[in-house]
Amino acid sequence: MKYKTDVVIIGGGAAGMAAAYSATREGADVILLERDEDTGGVLNQCIHNGFGLHYFKKDLTGPEFKELAKERIKDLNILYGTYVLEVTKDKRIIFVDRRGIHEIETKALVMATGARERHFNSLPVPGKRITGVFTAGLAQRFINLENLKPGNKAVILGSGDIGLIMARRLTLEGIKVEAVLEIMPYPGGLERNIQQCLRDFNIPLYLSHTVTAIEGEKRLEKVIASQVDYKWNPIPGTEKVFDVDMLITSVGLIPSTKPVDFVDADPGFLVSNTNQTSEDWIFAAGNCTVIFDLVDFVAKEGEKAGKYAALYAQGKYEKKKLIKVRKGENIGIVHPVYIDPTEESTLYIRVSTVFEKASIKINPLGIEKVEEDARPPEMIVVKIRPFDGENIDEIEVTADELISKLG
Ligand SMILES: Cc1cc2nc3c(=O)[nH]c(=O)nc-3n(C[C@H](O)[C@H](O)[C@H](O)COP(=O)(O)OP(=O)(O)OC[C@H]3O[C@@H](n4cnc5c(N)ncnc54)[C@H](O)[C@@H]3O)c2cc1C
């Protein structure tokens with residue numbers, strides 16, 4: 001079958017649903033393609049609360065957030081069970097479903113394909129690849145959606161939010177969590193999750209520790225962990241042996257950019273403040289650009305991508321002069337990486353080290369934001385109004401410690 005539309009959105013998670021909502025509100029014809037049988041993406045398996053505090057001004061679970069977002073697009077043309085095979089440079093989207101292969105001719109595209117989990121097999125850990133090693137997302141799916149208990153005793157590798165939330169979830173399901181291991185000298189997740197998911201349940205967190213071997217015949221029997229030095233080399237004599245039948249890995253998410261391979265990405269799509277990519281007609285939002293800690297940010301970015309994609313399709317927005325945003329000293333991540341100065345910007349910033357009181361500077365715009373207890377996992381948000389960018393070629397973001405400077 002052949003379709004024609006203004007805006008195609010690939011992926012119906014938080015970003016894709018928000019993009020569909022705003023693109024439709026701008027008066028565009030929209031088709032949303034989702035490979036699952038429902039929208040929501042990762043929200044569907046996150047049955048804990050903490051979603052939507054900023055976006056819907058309510059403390060919601062993942063599925064509740066999904067329902068509210070879905071309600072706003074109830075009249076939309078959503079094609080479920082569709083998998084996008086190819087996006088061509090001449091604006092055709094080729095996808096497959098149970099009825100065969102189809103094609104859409106579009107004016108603009110929003111990529112909202114989310115992220116995938118980094119797998120244990122990609123880590124240099126010796127030992128057989130035996131049963132009992134699960135990614136956190138897979139374990140979450142088994143427990144929350146399929147009512148399966150994947151084991152009895154676990155070690156969790158990685159203290160990002162997903163690892164922390166799974167520590168609590170496993171404990172509530174009667175699975176003993178012996179330890180959470182983190183290779184960095186500081187926790188990888190939000191402070192509220194350290195408190196609510198580990199301290200409240202007396203689960204030990206070992207910082208500067210990693211898994212150095214796994215043992216077992218058919219099923220995992222032991223996880224061996226060691227302390228690491230500042231170069232992440234295991235320190236001999238620090239080994240700890242955990243007798244467990246499960247290792248849950250939460251070692252990072254990788255933005256999913258497939259099947260679009262002709263757009264600049266590193267590793268997620270590189271976008272401007274209007275969510276436009278290096279291809280004028282392709283916009284992107286959510287975890288396929290950068291890994292966000294809060295769904296609220298993902299949804300806001302999705303809305304923006306949908307809006308500008310609709311305006312582009314209607315000939316009301318085109319690419320202007322873009323200013324590069326550069327990571328300066330002590331900055332781990334800045335998103336987006338380009339700014340169209342004629343439009344508003346929201347910068348999402350992660351520092352690369354822990355600060356008691358960080359001074360975040362955006363120059364030459366002369367903007368400063370002071371952030372107490374700034375830590376790499378938490379995103380710092382800075383809004384920038386439209387400005388005259390005529391004589392600016394580059395913007396640099398830096399972070400400095402204020403406490404030590406004063407003291
Ligand atoms: C365990 C966990 C706990 C979290 N806890 C919180 C929390 O407490 N509070 C909070 O605010 N945030 C939390 N988050 C973060 C938040 O849920 C995510 O950042 C957000 O939901 C990601 O949305 P997304 O749309 O970018 O991606 P996804 O939800 O991954 O959606 C991508 C969609 O694209 C579809 N897709 C991908 N490729 C294709 C293709 N080729 N064709 C068709 N469809 C495709 C997928 O099926 C999926 O539906 C958590 C995340 C996780 C994983």
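What is the accessible surface of the protein chain, and what share of that surface belongs to carbon and sulfur atoms? The accessible surface comes to about 18700 Å², with 49% belonging to carbon and sulfur atoms. The legends below refer to a predicted model.

**View 1. The whole protein chain.** The protein chain contains 7 helices and 27 strands. Its C-alpha trace spans about 65 × 65 × 35 Å along the principal axes. The radius of gyration is 22 Å, which agrees with the value near 22 Å that a compact globule of 407 residues would have. Of the 407 residues, 54% are buried. When contacts between residues at least 6 apart in sequence are taken, 62% of them join residues at least 24 apart.

**View 2. Charges of the protein chain.** The protein chain carries 52 positive and 59 negative charges. The mean position of the positive charges and that of the negative charges are 2 Å apart.

**View 3. Strand 7 with strands 1 and 6.** Strand 7 covers residues 100-105 and pairs with strand 1 as well as with strand 6. Strand 1, made of residues 2-4, runs parallel to strand 7 and is joined to it by 3 bridges. In this pairing Tyr-3 stands opposite Ile-104 of strand 7. Strand 6, residues 92-97, is antiparallel to strand 7, and the two pair over 6 bridges. Here Val-96 is placed opposite Ile-101 of strand 7.

**View 4. The open sheet 22-20-27-24-25.** Five strands form an open sheet in the order 22-20-27-24-25, and the pairing is mixed. Strand 22 (338-339) and strand 25 (367-374) are at the edges; each has a single partner strand, so one side of each lacks a neighbour in the sheet.

**View 5. Strand 25 and its neighbour, strand 24.** Strand 24 is formed by residues 355-363 and runs antiparallel to strand 25. The two strands are joined by 7 bridges. Lys-357 stands opposite Glu-372 of strand 25.

Key:
Residues numbered from 1 in each chain as written. Predicted model: local features only at pLDDT ≥ 70, side-chain atom pairs only at ≥ 80, totals over all residues. Heavy atoms only, no water. Helix = DSSP H or I, 4+ residues; strand = E, 2+ residues; numbered from the N terminus. Rg over C-alpha atoms; globule rule 2.2 N^0.38 Å. Buried < 20%, exposed > 50% of the residue type's maximum accessible area, 1.4 Å probe, protein only. Contact = heavy atoms within 4.5 Å. Areas by Shrake-Rupley, 256 points an atom, 1.4 Å probe, with all protein chains shown as cover. Lys, Arg positive; Asp, Glu negative; His and termini not counted. Charge placed at Lys NZ, Arg CZ, Asp CG, Glu CD. Pairing = 2+ DSSP bridges.
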